[in-house]
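Thanks for coming, everyone. Please look at the screen while I talk, and keep the sequence beside you.

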Amino acid sequence: MTQNPPFPGVLFGAAYYAEYQQEGTLDRDLDLMSEAGFTVIRVGESVWSTWEPRNGEFDLDWLQPVLDGAHARGIAVILGTPTYAIPPWLQTLHPEIAAIDGRGHAIGWGARQEMDQSSTVYRWYAERIIRKVVARYADHPAVIGYQVDNEPGNNLPHNESTFQAFVSWLRRRYGTVERLNDEWGLVYWSHRIAEWSELWRPGGNLMPQYQLEWRRFQGEQATDLIAWQAEIVREYARDDQFVTTCISYSRPQISDDELVSSLDITAGNPYYLMQDGLSADVDLPRRAEWWHTGPWALFQWGDRAFSSAQERFLVTETNAQSIGGPWQNQPPFPGQIKQAAYALISRGARMIEYWHWHTLHFGVETYWGGVLPHSQVPGRIYREVADLGASLGRLGDSLDGFLPDADVLMLHSTDTKWSFETYPPLATDDGGPDSASYGRIADVFYRGFSEVGAQVRVQHTRQFVQRSAAELVAEHPILVAAAEYVADDATLDALRAYAEAGGHLVLGIRTGYGDELARARRAVAPDRLHDAAGVWYDEYSNLAEPLAVTASDEGFDLEPGAQATAWVDVLTVEAATTLVSYEPTELGADAAITTTPFGAGRVTYVGTVPNRELARSLARWLVPETAAARWRTASPVTVNTGRAGDHDVAFVHNWSAAEHVVTVPADSIHLDTGERFAAGSRFTLEPRGVAVFEVAGSQA
């Protein structure tokens, strides 16, 4: 179902809430937007109680002046359905729709998404407001698309009705309790059930197989909610209007590749730390899963958004100023607004929208900065946003059809992420379970590639197994399965076939250790792949402290400071070459990274979680030629490339406060200024600067 709607150029704008503004600001706001080069605004998704102030009493006309004013200025509109923030009258009328948490307590009202979205009562009222709003404005010429709901999947409801739906889901999936007992291993701790009615509630569950299936079921709840809303909207939408939702990829209920299957285009909300959070030479901690730090993490978010449907995407919300609470104030350094926008565009964004137009004067997000500050007087942020709007206007349709390049394909396993959130292989610094283990393992591989200039395409496991090995090898000669723990036989066989067909397969820890229900496999690891890898193990250990490593093969250049962290597989090497070894320990582990030919390809095994230096060393060995090298540059300058129509495009970023010079590898045109550069000429990037080039031939 997912497709890329046919609109030209890169849409540019912000969420706009006239209902939050004082009377009389509409024309001023829209004029300022027009002057800033805005081509789109997003409206209406957060105010059900404004659309329907009392049960059955609708006020649908208040948005008309906004849409009329936007259209008069050539600004398109994305209209939202307000179903994620329910009004107080509905909370009072039907308190039973409140979501119940795992401890059996109702989630308190006063925030958002506090309801069980599968409740038939909630769905009845939600459908009514969707139909009223969309029917009222579907024919308005400003409306180019719809956003159903907003950042779905914030909670995992444990309501009785949700649990009974889960039991029905299991009955369809397993057929009999006997099969469920066998598949889940419920003989353990006397958990065998004789009737479906004996299945315990998920709030107290510790059984891994139950937990994984519960999360899969919850993922289907979010997917169903969005598909249900999209189906209603399409009854009114014109053929030239798209339907989407905005994804926060950290939401616990989200299985994003499944979620977008009913939509026309992927859309999502990247937020990131500005200032030194966008400096290549500064390493700052990630303060929350939804809050990214480092240029590499901004590129990674773009690649994750692309991965949802393997298509370009919309950025429905992103930083204009500070994000988070009133104690988190890091507005951008000059130049970073433009930098970040072009970073996302370089990985496939077709729209950049800020959250939001004006900084709020009330509410929990009072200090979440918009394009206009609290004073409402346009300042530096507005000027930089307007500068970006002018730049995108000059680029016009030159990026239509843009497809980002990729040197490496990385798999993403939602099932493994969910499994590791409760049963993680890694520990935190204080020795507790690290629920972020999956991201911790996968991120270090991605970051290593990004920091040496290699570009990555992320693909969901479900998407990977649908492609033939020959097709994948032709498109992506390197494939990384960083931690493919929850994997059925078909997935592991597809990995094997990829290498056999000529690809370079890179395996990380826990890959091939669990099956499709997160059960440990009855085989030496990595199961179904150990002969192809030329190594096997049945013993492994966590590391309390990093372990030094040395290069065992002269063809592998090890960066100073390279270490193994968090984990070691005690590998038995049978038919592989050891590239990197651990310093001797009493455990006896020797090989850290090995490689061996297999079929027409190669398998490399990484038996630890590399630190940054080791990950970069591995990335340089795997991808010795990068676009950055062709531009004769390295960190803090990045080069992302791709193809738009019949021409190559390069996005060159300087993630530092100093000037940097790059060498243009082929005859090129600076798309923003129109200036032409001959092959071999030099171009100076200003501090925090970014330049977009059309490059002749295939030398981007």
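Leaving aside neighbours within four places in sequence, which residues is Phe 38 in contact with? They are Phe 12, Gly 13, Ala 14, Met 33, Ile 75, Trp 357 and Val 385. Contact here means heavy atoms within 4.5 Å.

A word on the source. This is a predicted model, where local features need pLDDT of at least 70, side-chain atom pairs count only at pLDDT 80 or more, and totals for chains, interfaces and linings use all residues. Residues are numbered from 1 along each chain as its sequence is written, and side-chain values use heavy atoms, with hydrogens and water left out.

Back to Phe 38. Phe 38 is among the residues with the most contacts inside the largest nonpolar core, together with Ile 41, Trp 51, Tyr 354 and Trp 357. That core has 174 residues. What is a nonpolar core? It is a set of buried Ala, Val, Leu, Ile, Met, Phe, Trp, Tyr and Cys residues joined through side-chain atoms within 4.5 Å. Buried means under 20% relative accessible area, exposed means over 50%, and partly exposed is in between, with a 1.4 Å probe and protein chains only. There is a second, separate core of 19 residues, which includes Val 167, Trp 169, Leu 170 and Leu 199.

Now find Ala 36. It sits in the loop between α1 (26-35) and β2 (40-43). Helices (H or I, at least four residues) and strands (E, at least two) are DSSP runs, numbered from the N terminus. Is Ala 36 buried or exposed? Buried, because its relative accessibility is 1%. Beyond four places in sequence, Ala 36 is in contact with Phe 12, Tyr 382, Val 385, Ala 386, Gly 389 and Ala 390. Its C-alpha atom is separated by 51 Å from that of Glu 516, 480 residues apart along the chain.

Next, aromatic rings. The structure holds 44 aromatic pairs. Rings of Phe, Tyr and Trp (its six-membered ring) pair if their centres lie within 6.5 Å; planes under 30 degrees apart are stacked, over 60 edge-to-face, and the rest tilted. Take Trp 301 and Phe 313. Why is this pair edge-to-face? Because the planes are at 75°, with the ring centres 5.7 Å apart. Trp 301 is in helix α10 (residues 295-309) and Phe 313 is in strand β9 (residues 313-315), so the pair links distant parts of the chain, 12 residues apart. Trp 301 is buried at 4% relative accessibility, and Phe 313 is buried at 0%.

Here is another pair, Phe 683 and Phe 693. Their centres are 5.3 Å apart and their planes at 90°, so this pair is edge-to-face. Phe 683 lies in strand β30 (residues 682-685) and Phe 693 in strand β31 (residues 690-695), so parts 10 residues apart in sequence are tied together. Phe 683 is buried at 13%. Phe 693 is buried at 0%.

Rings also form a cluster. Ring pairs link Tyr 17, Tyr 20, Tyr 271, Trp 290, Trp 291, Trp 355, Phe 362 and Trp 368.

Let's turn to helix α7 (residues 177-184). Which of its residues are buried? Val 177, Leu 180, Asn 181 and Trp 184. They cover an arc of only 100° around the axis, so they are on the same side of α7. That arc is taken from the directions from the helix axis to the C-beta atoms. An α-helix has 3.6 residues a turn, so residues three or four places apart point the same way. The buried residues of α7 pack against α6 (160-174) and α8 (208-234). Just after α7, Gly 185 takes a positive phi of about 65°.

Last stop: polar side chains. Asp 256 is in helix α9 (residues 256-259) and is buried at 1% relative accessibility. Its side chain makes polar contacts with the side chains of Arg 304, at 2.9 Å, and Ser 308, at 2.7 Å. A polar contact is a pair of N or O atoms within 3.5 Å; within protein, one must be able to donate a hydrogen and the other to accept it, and residues adjacent in sequence count only if both atoms are side-chain atoms. Asp 256 also touches Ser 307. Ser 307 is in helix α10, buried at 0%. The side chains of Ser 307 and His 460 are joined by a polar contact of 3.4 Å. His 460 is also one of the residues that Asp 256 touches.
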